[in-house]
Amino acid sequence: HPKSSGISEKVIISAVFTYFEKLLSGADFSFSYKTPVGSGFNESQLYQRELDKIEYRERRVREAYEAGADTLEEYKENKQRLNAERERLMTLMADATKQEQRDPAADKAVLLQRIRTVYDVLKNDDVDHETKGVFIRSVVEEIVWDKEKDELSFRLYVS
């Protein structure tokens with residue numbers, strides 16, 4: 001290679017400071033949402049699976065009644081129990097869906113506060129490099145260096 005394909009730590013640190021200062025001074029920025037590692041869990045999906053199971057149970061209850069295994073009274077009781085469970089799950093699912101909806105303006109404010117905290121930690125000479133790296137990674141998902149343009153771009157995230 002006629003030129004180096006690496007970038008020094010000092011250059012990156014300086015660029016991070018400069019970028020954070022711009023953001024804290026009011027520069028506009030974009031960010032993405034990132035699910036915390038190990039939480040591949042979505043409450044709405046869980047409740048939907050349970051609702052699907054109720055449909056299956058309703059078919060079984062109907063089949064048991066039609067086959068003569070259950071009386072009309074048992075069929076009605078089972079049907080009421082399953083309807084009550086469906087209503088409960090639908091309420092929980094509606095609540096979970098409300099919680100899953102994000103407010104971008106509020107998330108941006110939270111991210112700016114986190115950036116302020118990270119910036120303060122980075123400026124503190126008493127904090128070791130490893131801790132500073134952890135703090136940077138808490139708001140910066142990726143730093144991309146475009147060698148030809150000699151530019152760094154930052155991808156921020158909120159979890």
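E58 counts as buried, at 11% relative accessibility (buried is under 20% relative accessible area, exposed over 50%, partly exposed in between, with a 1.4 Å probe and protein chains only). The model is predicted, so local features need pLDDT of at least 70 and side-chain atom pairs pLDDT 80 or more, while totals for chains, interfaces and linings use all residues. Residues are numbered from 1 along each chain as its sequence is written, and side-chain values use heavy atoms, leaving out hydrogens and water.

A search of the whole structure finds 9 salt bridges, each a side-chain nitrogen of Lys or Arg within 4 Å of a carboxyl oxygen of Asp or Glu.

| Pair | Closest N and O atoms |
|---|---|
| E58 and K79 | 4.0 Å |
| D28 and K108 | 2.6 Å |
| D120 and R116 | 3.7 Å |

E58 lies in helix α2 (residues 43-66) and K79 in helix α3 (residues 72-100), 21 residues apart. Helices are DSSP runs of H or I with at least four residues, strands runs of E with at least two, numbered from the N terminus. K79 is partly exposed at 28%, and E58, K79 and R86 are linked in a network of salt bridges. D28 is exposed, with a relative accessible area of 66%.

D120 and R116 are 4 residues apart in helix α4, about one helical turn. In α4, D107, L111, I115, V118, Y119, V121 and L122 are buried. Seen down the axis of α4, the buried residues fall within an arc of 155 degrees, so they line one face of the helix; the arc is taken from the directions from the helix axis to the C-beta atoms.
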